[in-house]
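Hi,

Here is the structure I promised to pass on. My notes on the pocket and the core follow below.

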Amino acid sequence: MEREKDKSDVKSHKQSLRNDMPKLISPETRLQHCFDTGKKFSFEVNNSIMRYYRSGKELIRQADVYTKEGDLEKGYILYIRCLTIFLEKLETHPEYHTIPANDKDHIKNTLKEIFPKTEALKKKLLEQYKHEYAKQKQEYEEQERIELERLRQEQQRLKEEEEERALQLNSSAHSGALKLGVAAGALTSADEFRLKRHVIPPKTYVPSQYDEQAQSSKDRKVPSVDRSTKPTSLTSGDRLRDIVVPSKLMQNFLKLAFSNTSNNIETCGILAGRLERNRLLVTHFLIPKQTGSPDSCVTHNEEDIFDFQDQHNLITLGWIHTHPTQTAFLSSVDLHTHCAYQLMMAEAIAIVCAPKYDETGFFHLTPDYGLNYIANCRETGFHPHPSEPPLFTVRHKCNHTSELTYSLTAKHFILDPLAPIEAVDLRRK
């Protein structure tokens, strides 16, 4: 009966241990998850088709960086996303016929380059996942072995203690009989000596080094596994990548906007930069040709922006504009403008400079509510939006101090006082 009970305890403990451990995911399942993540993104036909064309090119730049830096997973996801845009999505857009013939040729040539890159990356990623799977499986098996050994030793210790208690009870009973016998003269001193020789002293249990390792593992309950190998989506549903903005950007932008600001005219610019070690760095701001009013700004000749970004291998990270006479906020028109940027780049920010109030605001639509709400809003021009739940996060900064005052904080945004910034005024072109 005891042997059957021990087997049952081991089996029960083994099952409990496996339940506590995170489930192993097969390499093929992880690869499929990456593929599905790459194909899953919002495609809004209300956005200009050229924005998606440009976004596809920028995705390739990011994928190249991730691959070069050794992050095969993110590189693969972005290549799949780019292929999905160029192969499936663009043709469903009502403006597809407006794409110039040379751009369509560029798409075809790009696909010829990306297909072999993606296939090669897929094979490397699968091999990486297989290696990680084998390593994790070995760690789990070792953890299970340590736990079962700990259980076996624990059971042995309890069994020995039980036997010792039984012997001590027998010893106490014999000792009592001995004293009674001696007192009654029934036992001799020699008899007493022989009985004492049969009293077994209790053993002292000294845990071995192996037991200490097992107990330490028990405290952890799960094996030491590198969780960074777990497949994750790039920007949807996971932590946003940090976006680094040079502190000098706003001051330099206001200098170039000064003439318009003096005449009560808005000025806008595009934030561009690069990806480095999974962080987005704003390195340039571009001011395109534009026409403005006290409460609006319209850009022209956007191909000049695209050409410059292509020449310098830059990606779009958001936009910046002034409010000459008002505070730093996002109007309903601004929210719709920024929505287009954020649909292309989940981390994209909007910066509003209000020189009259010496204030700057940094804005980001909430991914779980605000982005979807604005994307599905079909109103045009200035119109009201609800304030609850919040549509966006915001950080405000008074320019005469170095402190940021917080409302709903855009946590992925970082101001860097040492980062360089380059101004590109395309209005003079």
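**Largest pocket**

This is a predicted model. Its largest pocket has a lining of 35 residues. Nearest the pocket centre are Arg 51, Val 333, His 336, Thr 337 and Ala 340. The volume comes to about 790 Å³.

Of the elements, α10 gives the most, with eight residues.

By class, the lining of the largest pocket holds 14 nonpolar, 13 polar and eight charged residues.

Where does the largest pocket lie relative to domain 1 and domain 2? Domain 1 (24-147) and domain 2 (243-425) both give residues to the lining, so the pocket lies between them.

**Largest nonpolar core**

The largest nonpolar core has 77 residues. Those that touch the most other members are Phe 86, Leu 90, Leu 249, Leu 271, Val 282, Leu 286 and Ile 351. Helix α4 (residues 72-89) supplies the largest share of this core, 10 residues. Domain 1 (24-147) and domain 2 (243-425) each give the core at least three residues.

Setting aside neighbours within four places in sequence, Ile 351 is in contact with Val 245, Leu 249, Met 250 and Leu 271, among others.

Best wishes

Terms used
Residues numbered from 1 in each chain as written. Predicted model: local features only at pLDDT ≥ 70, side-chain atom pairs only at ≥ 80, totals over all residues. Heavy atoms only, no water. 1 Å grid on protein atoms, 1.4 Å probe; cavity = no way out; pocket = protein on both sides within 12 Å on 5 of 7 lines; lining within 4 Å. Points joined across faces, edges and corners; volume = space filled by probe spheres on them. Helix = DSSP H or I, 4+ residues; strand = E, 2+ residues; numbered from the N terminus. Nonpolar A, V, L, I, M, F, W, Y, C, P; charged D, E, K, R; others polar. Domains from an automatic or database assignment. Core = buried A, V, L, I, M, F, W, Y, C linked by side-chain atoms within 4.5 Å. Buried < 20%, exposed > 50% of the residue type's maximum accessible area, 1.4 Å probe, protein only. Contact = heavy atoms within 4.5 Å.
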